[in-house]
Amino acid sequence: MKVLIATEKPFAAVAVEGIKKEIEAAGYELALLEKYTEKQQLLDAVADVDALIIRSDKVDNEVLDAAKQLKIVVRAGAGYDNVDLEAATAHKVVVMNTPGQNSNAVAELVFGLLVFAVRNFYNGKAGTELMGKKLGILAFGNVGRNVARIAKGFGMEVCAYDAYCPADVIEAAGVKAAKSQDELFETCDIVSLHIPATPETKQSINKALVGKMKKGGIVVNTARKEVINEDELIELMQERTDLKYVTDIMPEADQTFQQFEGRYFSTPKKMGAQTAEANINAGIAAAKQIVGFLRDGITKFQVNK
Ligand code: 3PG
């Protein structure tokens, strides 16, 4: 059996070592395709593999057609919007993710971005503190819960809304449950996005919603760029010169957002899950899930049916 790690944005070397150990201990072979720049490189590399470990790498119908022996794809991470699930099912390929494995890393980056934002991007002028501010967490999954834990350490008031998580579950975690997405934006000083990119959430963070924020509101995005209605956010930030947007996923309209000097920042490349720990956790979990599936038929964490 041959397992391929195909990562346009590579794992830390220590994580690749850990994955190699797991794969070889099962008697399988590991191949590596890192930092590829052309889709053709991926198409060539998948030709003879049984299993594939990816990150945000796109697995579409063409990749699945090229991977004649492929049985399983594991997205080492949480969001699997980069995999065409229907096409995978049609090709009889199992798709899994590794939920929770990189969530602390992403949550820590939320605060890296927030301190940077409230201290005016370190321009020397007096900023504000996070203590005492009200943080709204949109979607209370693995990342959202870690954000809540860290926010309490900063002395923030924490509130959350999740369309799929009941209020009593949120309250049981010591977090105030907002009744709606609108209420979260209306009442919080800062909103941190943790929704997946789905047909329902795409472009859902729009002018009407962000426009509900109080003076000086900040939106921090470590989720997906697709959830933002970029044109409307730009329009709103032109009208509301008090609002800030900080993101770990560079917008399509990054050049246009650059006009908001001192109110906008994007990492050049998504860095949320880019820690040795997250790479090790997610990478080794992916390797274990592949061995568990190929050897014992375990389909826990399968996301296509
Ligand atoms: C995820 O969905 O797990 C995160 O967005 C991390 O993505 P990455 O593996 O491409 O850094």
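Buried here means under 20% relative accessible area, with exposed meaning over 50% and partly exposed covering what lies in between. The legends below describe close-up views of a predicted model.

**View 1. The salt bridge between R224 and D81.** The side chains of R224 and D81 meet in a salt bridge, with an N to O distance of 3.1 Å. This pair links distant parts of the chain, since R224 sits in the loop between β10 (218-221) and α10 (230-239), while D81 sits in the loop between β4 (72-75) and α4 (85-90), 143 residues apart. R224 has a relative accessible area of 14% and is therefore buried, whereas D81, at 38% relative accessibility, counts as partly exposed.

**View 2. The largest pocket, with about 960 Å³ of space.** The pocket is lined by 42 residues, of which A78, G79, Y80, P196 and R224 are the closest to its centre. Domain 1 (2-101 + 274-296) and domain 2 (103-266) both give residues to this lining, so the largest pocket lies between them. Helices α5 (103-118), α6 (142-153) and α12 (276-296) each supply at least two residues of the lining. By residue class, the lining of the largest pocket divides into 18 nonpolar, 15 polar and nine charged residues.

**View 3. The second largest pocket, with about 760 Å³ of space.** Among the 25 residues that line this pocket, E8, S56, K58, K225 and K270 are the closest to its centre. The lining of the second largest pocket comprises 15 charged, six nonpolar and four polar residues. At least three of its lining residues are drawn from each of domain 1 (2-101 + 274-296) and domain 2 (103-266).

**View 4. The network of salt bridges that links K39, D60 and E62.** D60 forms a salt bridge with K39, in which the closest N and O atoms are 2.6 Å apart. Because D60 lies in the loop between β3 (51-54) and α3 (61-66) and K39 lies in helix α2 (residues 39-45), this pair ties together parts that are 21 residues apart in sequence. K39 also meets E62 in a salt bridge, at 2.7 Å from N to O. Here K39 lies in helix α2 and E62 in helix α3, so the pair ties together parts that are 23 residues apart in sequence. As for accessibility, D60 counts as partly exposed at 25%, K39 counts as partly exposed at 34%, and E62 counts as partly exposed at 43% relative accessibility. For the model as a whole, the count comes to 16 salt bridges.

Key:
Residues are numbered from 1 along each chain as its sequence is written. This is a predicted model: local features need pLDDT of at least 70, side-chain atom pairs count only at pLDDT 80 or more; totals for chains, interfaces and linings use all residues. Side-chain values use heavy atoms; hydrogens and water are left out. On a 1 Å grid over the protein atoms alone, a cavity is a set of points where a 1.4 Å probe fits but cannot get out, and a pocket is an open set with protein on both sides within 12 Å along at least five of seven lines; lining residues have an atom within 4 Å of a point. Grid points are joined across faces, edges and corners, and a volume is the space filled by probe spheres set on the points. Helices (H or I, at least four residues) and strands (E, at least two) are DSSP runs, numbered from the N terminus. Ala, Val, Leu, Ile, Met, Phe, Trp, Tyr, Cys and Pro count as nonpolar, Asp, Glu, Lys and Arg as charged, and the others, Gly among them, as polar. Domain bounds come from an automatic or database domain assignment. A salt bridge is a side-chain nitrogen of Lys or Arg within 4 Å of a carboxyl oxygen of Asp or Glu. Buried means under 20% relative accessible area, exposed over 50%, partly exposed in between (1.4 Å probe, protein chains only).
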